[in-house]
Amino acid sequence: MSEATSASVGAPADRHEPGSSLTSQRRWALWGSYAALAIFAVMFLTPPFYMVMTSLKTSAEISAERGNPWLAHHPTLQNFSELMANSNFQHFFLNSVIVTLCVVIISMAISIFAAFSLARIGFLGSQILATGVFLTYLVPGSLLFIPLFQIVRALGLINSVWCLVLIYPTLAVPFCTWIMIGYFSSIPQELDEAALIDGASYPQVLFRIFIPVAMPGIIAATIFAFTVSWGQFLYPMAYLYTTDQMVLTVGIITELIRGDVFQWGKIMAGCVLAAAPPVIVYAFLMDYYIAGLTAGATKG
Amino acid sequence: MADDATIAGRVRRTPGVATRGSLRRWFGRKSSVGFLMCLPLIVLIAALVVYPALYAIYLSMLNKKMTQFVGLSNYAFLLKRSTFQLVVFQSCFFAVTAVILKATLGFILAHLLHNISGRNQRIMRGMLLTPWVIPLALSTLGWQWLFDSSYSALNWILTAFGFAAVPWLGERWIARLCVIAVNVWYGTPFFMIMYLAALKSVPEQLYEAASIDGANAMQKLFSVTLPMMRNIISITVLFSLIVTFADFDIVRILTAGGPQDMTHIFATYAFDVGILSGDIPLGASVSLFMLPILSICAYFVLRGVTRRGREIAA
């Protein structure tokens with residue numbers, strides 16, 4: 001491992017050297033990198049691969065304990081069709097979709113306005129607020145879920161999906177605001193000054209100039225809000241307990257694990273179906289996804 | 001949501017409509033517009049982050065039925081309990097080990113990726129980021145099935161090569177390592193992506209200058225790459241320390257704290273005590289024990305990010 005690293009560090013500098021020994025050295029570094037990366041890729045993709053394989057097996061094949069468990073010998077979509085016909089599972093999926101849609105819309109609305117204000121307009125204490133927003137992003141859910149349990153209960157929202165719509169924005173908004181501040185700050189000041197001189201109001205500047213220009217940032221923030229609310233586990237685990245109110249992450253566990261009976265084929269099929277939306281979003285919008293990921297450590 | 005719409009609507013109208021009255025004028029002022037646009041954010045943070053945080057401190061000082069103020073006795077009670085001492089140890093062990101492994105592997109992977117170019121790098125990066133994309137609760141279920149005691153696919157490989165089967169989640173140290181392994185699997189891609197972005201921003205001339213001066217690969221790593229990446233490394237490590245320390249999903253699903261409470265960390269123990277056993281004040285005290293470590297990390301992350309922001313602006 002360490003050889004591969006040191007070799008790879010040397011490589012970029014050698015890129016334009018014509019000498020034959022350097023070229024061969026570089027080729028070795030290249031092949032070494034490919035080999036090491038391939039090993040890592042196999043290790044990283046093993047669990048998802050096994051999940052997909054299991055989801056294609058019947059319960060009989062899973063419990064047979066014969067042959068290679070890594071392959072489905074008689075692949076079938078039975079688990080998927082049974083799951084999709086299951087009304088509880090339909091509920092989970094629908095609830096997840098509703099919660100995620102609401103949370104994404106609410107979070108994006110809050111953070112676009114706030115980021116515009118913090119990046120451009122400013123008011124007394126706006127600098128402190130911007131710092132506070134970043135600090136809020138660092139507050140983990142596991143610190144607040146118990147007092148929030150009391151608050152949710154006092155509001156009468158315990159065991160209701162709507163409590164998630166109330167709480168999830170606290171997870172998405174700080175980060176979305178933070179990266180939107182970065183994107184908005186990078187827009188040249190002359191642009192909005194010209195518009196303001198021409199008599200545009202701040203909301204007009206925001207909707208006509210900032211939102212169109214900062215579209216990549218908005219997409220990245222939207223993806224973040226979507227993945228956060230789709231995959232959250234702690235809050236639904238703590239606040240929801242009947243199947244009609246559950247979302248996918250907790251629903252799969254409670255519906256398909258009864259006592260000691262794990263219906264692994266269906267559990268894995270459920271996981272594959274539940275993981276599909278974020279994976280599809282990632283597959284199509286990888287660059288925005290990565291931009292959002294790396295933007296967190298900088299202000300732009 | 002509704003707030004936003006009304007605010008936006010109101011502000012948009014002001015310049016157009018000829019109005020009188022101090023309220024109207026207040027809405028027309030620049031700083032007021034800014035404040036109103038931030039109002040939903042302020043309300044959200046105040047009501048659902050700041051207030052719960054303060055409320056947690058109050059809650060942690062009540063007795064189990066929440067009828068009586070008991071001061072710090074919940075904290076004292078916890079500190080004396082051997083289960084809780086294990087939780088403190090396991091949380092620190094879990095977070096520190098996992099973060100070191102993730103940072104190291106992420107650093108290596110970033111270099112390997114940086115070494116290959118163009119389209120192939122994109123493909124590799126795309127595949128290696130997959131663990132980070134799958135919701136953690138779901139992939140942990142997959143891991144639980146991989147570790148399953150009777151049908152373990154990992155044990156199938158071990159026995160195929162002539163090794164003995166391993167009771168993955170049944171033995172305390174093995175279970176602890178399994179929890180760490182899942183966290184490393186999930187978190188390494190994040191480090192990889194961050195470090196790759198940082199590597200790309202190191203100017204090529206620095207390496208060329210170093211080669212001309214006769215630096216070898218190791219010297220380039222320690223004198224060029226690491227100093228240039230120092231800030232981003234510290235930000236990512238501290239950030240990941242916070243997230244890993246406060247992790248819930250992996251332990252809850254994989255072991256639910258077992259065997260014999262050996263894998264419990266703060267979040268899962270607080271969940272067991274506060275939600276499952278219904279002792280809200282004690283649960284609140286458990287999670288508040290995270291606060292000192294989290295605030296120290298948060299302080300340094302913030303410092304690093306501000307510094308980096310200034311570097312980029314300069």
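Me: How many salt bridges does the count come to over all chains?

Reply: Side chains of opposite charge can pair when their charged atoms come close. The rule here asks for a side-chain nitrogen of Lys or Arg within 4 Å of a carboxyl oxygen of Asp or Glu, and it gives 5 salt bridges over all chains. Before we go on, some ground rules: this is a predicted model, where local features need pLDDT of at least 70 and side-chain atom pairs count only at pLDDT 80 or more, while totals for chains, interfaces and linings use all residues. Residues are numbered from 1 along each chain as its sequence is written, chains are lettered from A and ligands numbered from 1 in the order in which they are written, and side-chain values use heavy atoms, with hydrogens and water left out.

Me: Okay, start me inside chain A. Which side chain does A:Glu82 meet in a salt bridge?

Reply: That would be A:Lys266, with N to O at 3.1 Å. A:Glu82 sits in helix 4 of chain A and A:Lys266 in helix 14 (residues 264–284) of chain A, so the bridge ties together parts that are 184 residues apart in sequence.

Me: Is A:Glu82 buried or exposed, or something in between?

Reply: Something in between. We call a residue buried under 20% relative accessible area, exposed over 50%, and partly exposed in between (1.4 Å probe, protein chains only). A:Glu82 comes out at 36%, so it is partly exposed. Now look at A:Asn79, also in helix 4 (residues 78–85) of chain A: at 6% it is buried.

Me: What does A:Asn79 touch?

Reply: Touching, or contact, means heavy atoms within 4.5 Å. Leaving out residues up to four places away in sequence, A:Asn79 touches A:Thr54, A:Ser55, A:Lys57, A:Gly265, A:Lys266 and A:Ala269. A:Lys266 is on that list, and it's the partner of A:Glu82 too.

Me: Over to chain B. What does B:Arg252 pair with?

Reply: B:Asp272, at 3.4 Å, N to O. The two come from distant parts of the chain, with B:Arg252 in helix 13 and B:Asp272 in helix 14 of chain B, 20 residues apart. Both B:Arg252 and B:Asp272 are buried.

Me: How many residues of helix 15 of chain B are buried?

Reply: In helix 15 (residues 280–288) of chain B, 9 of the 9 are buried, so the helix is largely enclosed by the rest of the structure.

Me: How do I read the place where the chains meet?

Reply: The size of an interface is often given as the accessible area lost when the parts come together. Buried area is that loss (1.4 Å probe), summed over both parts. Between chain B and chain A it is about 9700 Å², and carbon and sulfur atoms give 81% of that. B:Met37, B:Asn115 and B:Trp145 supply 8% of the area that chain B buries against chain A, more than any other three residues. The contact takes 109 residues from chain B and 105 residues from chain A.

Me: How many salt bridges cross between chain B and chain A?

Reply: The rule finds 2. A:Asp287 meets B:Arg122 at 2.9 Å, N to O. A:Asp287 also meets B:Arg125, at 3.5 Å; that pair runs from helix 6 (residues 118–128) of chain B to helix 15 (residues 286–295) of chain A. B:Arg125 counts as buried at 10%, and A:Asp287 as partly exposed at 42%.

Me: How far can I trust chain B?

Reply: Check pLDDT, the predictor's confidence in each residue, from 0 to 100. Chain B averages 86, and 92% of the residues score at least 70. Confidence is lowest in helix 1 (residues 2–16) of chain B, at a mean of 43, and highest in helix 5 (residues 82–115) of chain B, at 94. The model scores ipTM 0.86 and pTM 0.87.

How values were computed:
Helices (H or I, at least four residues) and strands (E, at least two) are DSSP runs, numbered from the N terminus. Buried area is the accessible area (1.4 Å probe) that two parts lose on being put together, summed over both.
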